[in-house]
Amino acid sequence: VLDRVVTADLLTNGGTVCGAAGFDIRTGDFHIIRAGAVIISTGGTNRLYSNPSGMSFNTWMCPADTGDGEAMSLRAGAELANIEFLRMTVVPRSFNAAGLNALSGMGAVLINAKGEAFMDRYHPLGMKGPRYKMVQGVLNEMREGRGPVYMDCRGIAPEAQKHLIATLSCDKDSFKDYFEQLGIDLTTTPMEVDTSEGMQGGPNEVCGSGVKINKDCGTNVPGLYAGGNGADQCRSLHMAVTSGIHAGRMAAHYCASLASAPEPDEAQIQRIHERVYAPLDPERSIGWKEFEMTLQRILTEGAGPCRTEKKLLRAKEKLEQVQAASGLVGAKDLHDLLRLHEVHNLLTIGRCTVDAALYRQESRFGNCHFREDFPEQDDERFLGQVVISAESDGRLKLELRRTDNPYA
C-alpha cells in the first residue's frame, strides 16, 4: 500500500503494461512501481459537469473519482466503451445525497409546483420506473414551467420515515443535519428536489462504461485488467465486487504464466517524470480551479442532457482550445499538482464524451444520451458500443461494435 501516492500513468514496454508511476503528495517523491499486471479499479468520472450547488466537490458520487484509470488506460493503448452516456440522479435541492431512491421505494412520489404527481406521464410504472426516467421527469417539469419539484413523503408512515432518515445517513453522514438545519419535516412538508450534476457513467445498473474488458476482465493491452465502475459492464455494487474478484484471479493467472515481468521503458519514465512536475513552474499563470470550472462549463452547456450536433461541435472546439492552453496551467504546491493531475484526466474523458456523443446519432436511455436532432432510438444503426482508442498522435479513434444486447 502506497498511501497518498497519486498514480500519474501506466508503464508499458512493447505494448505490454508492466507497472505504474506516480508522486507522493506530501513529500513530492517520484515512485516507479514494477508489476506483472495492473488492475484498474478507480471508479467512474465525477466533477466533469457543473454542480447545481455551485460547489464542485459536493458530488453525488465520490469527488476523488475523476476518470484517472480510464484516462491512463487510454494513454496506454486500451479501449474505452460507452463514454458518451451521461448519468444524473434526483437529489435534495443543493445537497447531493446518495440513497434518495429509498424514499421513492417506500412510497414517496414526485410532485410539481401544482401538487401533481407526474411520473405516470413519463413511464407506465410511474415512480417504480427506471431511475433515469425520474431524472427525465424532473428536468422536463422544470423546463416546461411546472417547477419547483418536490418529493412528497407524506404517504409514508412516520416511524418508517424516521427509520429511513437514520439509515440514509449511512450513505451521507450529514443527511440528518440537512433536515434539521432546514427544518424539514417529511411527515408534513414535501422536500424540494433537483437533479444532480452530470457524471460520465453507465446509464443503468446493467450497462457500465469505462475501460473495455473481455470475459476475463482483461483489456486489449496485455497485462492490463479492470473492474468496478471504471470498466464497462461492471456498474453497481454486485458487479463491482464480482469483477474485482475475477480481475484479481485472472491477473494472477497471467502473472503466473510470465517467465519474467517486462522491464519499464526508461525513456517513458523520464517523459512521465517531466510531465508530472512541469506544472510547478512559477511562470504558469492559470490555476487548476479556473481550469476545472472552464471544463465543467463547456461540458454542461455542450454535452448535457439535451444534445445537438451544433452544441457538441462547439464543445469539441472549446475543448481543443482548452487542451492547447493546458500548458499554461500551473501548481503552487503538491496539493495543486494532485488537483491539476485530476483535471487533466477530466479533460481527456470530456473529449471522449463529446466525440462519442457526436458519433452516436440517436437517443438512447432517456436523458443519458438525448440528441434533440436525433430523438429516436436507432437500433439498426447504433445497437452496440461506441469504442474509443487513442491514435499515436493523440487523436481519438471511434468505431461501433455491434451487439444484440440492448442494455450493453
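Predicted model: local features only at pLDDT ≥ 70, side-chain atom pairs only at ≥ 80, totals over all residues.
Start with strand S14. Helices (H or I, at least four residues) and strands (E, at least two) are DSSP runs, numbered from the N terminus. S14 covers residues 384–390, and six of its seven residues are buried, so the strand is largely enclosed by the rest of the structure. Buried means under 20% relative accessible area, exposed means over 50%, and partly exposed lies in between (1.4 Å probe, protein chains only). Two strands pair if DSSP finds at least two bridges between them. Strand S5 (residues 80–81) pairs with S14 over two bridges, in the antiparallel sense. Strand S15 (residues 396–402) also runs antiparallel to S14, joined by seven bridges. Val387 has Glu399 as its bridge partner in S15. S14 and S15 make a hairpin with five residues between them. In that turn, Gly394 has a positive phi of about 95°.

Strands of a sheet pair through backbone hydrogen bonds, either parallel or antiparallel. Now take the open sheet of four strands, ordered S7-S10-S9-S8, with antiparallel pairing. Its edges are strand S7 (90–92) and strand S8 (109–111), each pairing on one side only. Neighbouring strands here are turned by 45° against each other on average, direction ignored. For such angles, axes are lines fitted to C-alpha atoms (for helices, over the stretch in contact), and angles run from 0 to 180 degrees between N-to-C directions. S7 and strand S10 (residues 191–195) pair antiparallel over three bridges. Val90 stands opposite Thr195 in S10.

Contact means heavy atoms within 4.5 Å. The buried residues in H3 include Tyr132, Met134, Val135, Val138 and Leu139. Lys133, Asn140 and Glu141 are also buried there. H3 has 13 residues (residues 131–143), which should span 18 Å at 1.5 Å a residue; the end C-alpha atoms are 19 Å apart, which agrees. The expected span is 1.5 Å times one less than the number of residues. After H3 comes Gly145, with a positive phi near 85°.

Trp288, Phe291, Glu292, Leu295, Gln296, Ile298, Leu299 and Gly302 are its buried residues. Seen down the axis of H8, they fall within an arc of 160°, so they line one face of the helix. The arc is that of the directions from the helix axis to the C-beta atoms. On the face turned away from the buried side, H8 carries the exposed residues Lys289 and Met293. Cover for the buried residues includes H9 and helix H10 (334–359).

What lies between H8 and H9? Thr308 is in the loop between helix H8 (288–302) and helix H9 (309–325). At 16% relative accessibility, Thr308 counts as buried. A polar atom of the Thr308 side chain lies 3.1 Å from the backbone nitrogen of Lys311. Leaving aside neighbours within four places in sequence, Thr308 is in contact with Arg371, Glu372 and Asp373.

Leu337 sits in helix H10. At 3% relative accessibility, Leu337 counts as buried. Not counting residues up to four places away in sequence, Leu337 touches Phe23, Val276, Tyr277, Pro279, Leu280 and Ala331. Ser260 is 77 residues from Leu337 in sequence and 34 Å away in space, C-alpha to C-alpha.

His273 belongs to helix H7 (residues 266–277). At 32% relative accessibility, His273 counts as partly exposed. The C-alpha atoms of His273 and His31 are separated by 9.5 Å, though the two are 242 residues apart along the chain. Thr12 is in strand S1 (residues 5–13). Thr12 counts as buried, at 17% relative accessibility. Beyond residues up to four places away in sequence, Thr12 touches Val17, Cys18, Ala76, Asp265 and Gln268.

Terms used: Residues numbered from 1 in each chain as written. Heavy atoms only, no water. Polar contact = N/O pair within 3.5 Å; in protein donor to acceptor, adjacent residues only side chain to side chain.
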